Amino acid sequence: MALAARLWRFLPLRRGAVPGSWVTAGTSGSRGHCGPCRFSGFEVMGNPGTFKRGLLLSALSYLGFETYQIISQAAVVHATAKDEEILEQADYLYESGETEKLYQLLAQYKESEDAELLWRLARASRDVAQLSRTSEEEKKLLVYEALEYAKRALEKNESNFAAHKWYAICLSDVGDYEGIKVKIANAYIIKEHFEKAIELNPKDATSIHLMGIWCYTFAEMPWYQRRIAKMLFASPPSSTYEEALVYFHRAEQVDPNFYSKNLLLLGKTYLKLHNKKLAALWLTKARDYPAHTEEDKQIQTEAAQLLTSVSDKN
């Protein structure tokens with residue numbers, strides 16, 4: 001019945017007829033007689049044989065269209081399921097610290113149009129660049145590659161908080177190769193994207209942490225860089241250690257002990273603010289943080305060294 005009802009749309013109607021109603025013999029117009037027209041059975045549709053062939057063709061066309069839709073929908077469902085499977089594998093490898101395997105997996109899909117996959121590929125490219133065994137030449141290539149993936153992710157979905165976050169991170173990395181002027185100019189853009197990431201997902205601790213790093217970096221900026229910044233820009237970016245501290249603590253409130261570097265930077269910020277007691281507290285947490293990645297190991301070492309220097313000064 002549903003098929004018959006939907007096929008009705010393909011049948012020719014006489015001008016003025018109402019869809020869904022059959023015109024039978026003896027039907028009259030508004031004036032009573034139909035004039036020269038003779039409505040006998042299906043004569044309104046023309047020759048009965050022609051009508052039957054037309055009906056059959058319409059039915060076949062419709063069924064073909066329905067089949068096409070079903071196949072297309074199945075293909076979309078299959079593609080979506082495959083994408084989700086890839087993302088699950090990628091997240092598992094990331095959590096396991098399998099940096100190079102993760103990059104190899106995602107690099108197979110570098111032509112993808114999926115923002116979720118592209119920002120993960122940007123992250124993976126950057127992580128490989130950060131490995132100590134990666135050569136300087138390879139590192140530079142990977143840094144620019146990561147920026148391209150992050151940019152594409154953002155173009156595909158501007159509402160994706162992670163795309164904003166990783167675009168900002170990768171843009172910051174590129175600044176290391178393009179000089180102080182470009183680095184400072186990019187700082188405004190980087191801040192905007194971190195703020196947008198936080199706006200889109202206020203529960204993402206890493207975006208908040210990265211805003212803390214932004215503040216810490218400009219609070220710590222050497223005097224000669226400040227002088228260059230003032231020469232190049234009317235209002236150069238600036239911040240304070242107090243602002244950085246607010247973001248680092250906020251990140252911990254959202255997700256306690258989520259990242260060893262946040263613990264380290266809380267300790268270092270308190271050192272900058274001459275609060276040795278709280279500095280020692282957070283540096284101890286950073287030193288004792290379980291090392292899952294190469295970065296964690298480096299942070300453990302730095303935290304231990306800073307704790308030694310704090311003890312020596314006491």
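This is a predicted model: local features need pLDDT of at least 70, side-chain atom pairs count only at pLDDT 80 or more; totals for chains, interfaces and linings use all residues.
**View A. Asp 173 in helix H6.**
Asp 173 sits in helix H6, which covers residues 161–175. Is this residue buried or exposed? Asp 173 has a relative accessibility of 11%. Buried means under 20%, so Asp 173 counts as buried. Which residues does Asp 173 touch, leaving aside those up to four places away in sequence? The answer is Arg 126 and Val 143. Along the chain, Leu 147 and Asp 173 are 26 residues apart. Their C-alpha atoms are separated by 8.5 Å.

Helix H12 has twelve residues, numbered 276–287. From its first C-alpha to its last, H12 reaches 16 Å. That is close to the 16 Å expected at 1.5 Å a residue. Which residues of H12 are buried? They are Ala 279, Trp 282, Leu 283 and Ala 286. Look down the axis of H12: the buried residues fall within an arc of 105°, so they line one face of the helix. An α-helix has 3.6 residues a turn, so residues three or four places apart point the same way.

**View C. Two buried cysteines, Cys 170 and Cys 215**.
Start with Cys 170. Its relative accessible area is 1%, so Cys 170 is buried. Now turn to Cys 215. At 3% relative accessibility, Cys 215 counts as buried too. How many disulfides does the structure hold? The count is zero.

Conventions
Residues are numbered from 1 along each chain as its sequence is written. Side-chain values use heavy atoms; hydrogens and water are left out. Helices (H or I, at least four residues) and strands (E, at least two) are DSSP runs, numbered from the N terminus. Buried means under 20% relative accessible area, exposed over 50%, partly exposed in between (1.4 Å probe, protein chains only). Contact means heavy atoms within 4.5 Å. The expected span of a helix is 1.5 Å times one less than its number of residues. The arc is that of the directions from the helix axis to the C-beta atoms. A disulfide is a pair of cysteine sulfur atoms within 2.5 Å.
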